[in-house]
Amino acid sequence: MEVISSGEGRELTLTLRGELDHHAAKEAMRNLEWELDAALPSKLTLDFSGVSFMDSSGIAVVMRALKRMRAMGGSAAIKNVPPQAKKVFTAAGIFRIVPLEEGEKSNESKTE
Amino acid sequence: MKVKPNNYIAIEFPSRSVNEGLARAAVAAFAAQLDPTLDELGDIKTAVSEAVTNAIVHAYPQEIGKIALRACIFDGNLLEITVRDWGCGIADVEKAREPLYTTGGEERSGMGFTIMESFMDSLAVRSKNGKGTVVTMKRRIALRTARR
């Protein structure tokens, strides 16, 4: 699972690419924590635009990221979530805990 | 008086996490003959992924064991998916099905059964301590009249 970082100042965006299942989640968590430790952001945004499939393993990844951010006194958000992953997040009530931000581009219309 | 499926696939693989993708891709390819929507296909893949991951993580925590995946099509566009393992079994199925309950630690969310339940029409879990677990899920694929 590829994790691409971007952003400036204390705001970090991590873009996930590929299928986020249990197999990929271990590596995703490692990469994510490495990026957080390197950037020490006050705000983290997880961009799911490149996630072609996600199961409940994605929830554990988001919860881990949120825990790390809160421990540093920061916040986390999610954006650009494709419909399939959105359904998984919604079933788990994740958007009540981590806000879903309006993305600048939506690829939802493309995939439906 | 078991009803025979109109079509089925049966595959077997060791409980290695690399096989999770294969399992859901195989079922998705098989289900394609029911002409599901992208949405329905996404639900089915997600449910299969959850069931297979459960077997990999929980049924065989210390060893690599066998997982059998079966998908059947019955009359009325009904898809039935069975994931079977011969692992340690679930001590308390009721508890395991509760949202957020997990014995998987920080790597798991405890939402697996909840997602299988909400993404499929029905979910049945049979488990015996030390013998294994069978998860059976059903989903009726809507017949679409307006096809191209």
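Visitor: Which residues touch the most other members of the largest nonpolar core?

Guide: Happy to start there. This is a predicted model, where local features need pLDDT of at least 70, side-chain atom pairs count only at pLDDT 80 or more, and totals for chains, interfaces and linings use all residues. Residues are numbered from 1 along each chain as its sequence is written, and side-chain values use heavy atoms, without hydrogens and water. A nonpolar core is a set of buried Ala, Val, Leu, Ile, Met, Phe, Trp, Tyr and Cys residues joined through side-chain atoms within 4.5 Å, buried being under 20% relative accessible area with a 1.4 Å probe, protein chains only. Of the 36 residues here, those touching the most other members are Leu20(A), Phe48(A) and Phe89(A).

Visitor: Which element gives the most to this core?

Guide: Elements are DSSP runs, with helices (H or I) of at least four residues and strands (E) of at least two, numbered from the N terminus. Suppliers of at least two residues each include strand 2 (11-20) of chain A and helix 4 of chain B. The most, seven residues, comes from helix 2 of chain A.

Visitor: Why are helix 2 and helix 4 of chain B called roughly antiparallel?

Guide: Their axes, lines fitted to C-alpha atoms over the stretch in contact, with angles running from 0 to 180 degrees between N-to-C directions, come within 9 Å and cross at roughly 150 degrees. Angles over 145 degrees count as roughly antiparallel. Helix 2 and helix 4 of chain B are therefore described by that term: roughly antiparallel.

Key
Chains lettered and ligands numbered in written order. Parallel < 35°, antiparallel > 145°, perpendicular 65-115°, else oblique. Buried < 20%, exposed > 50% of the residue type's maximum accessible area, 1.4 Å probe, protein only.
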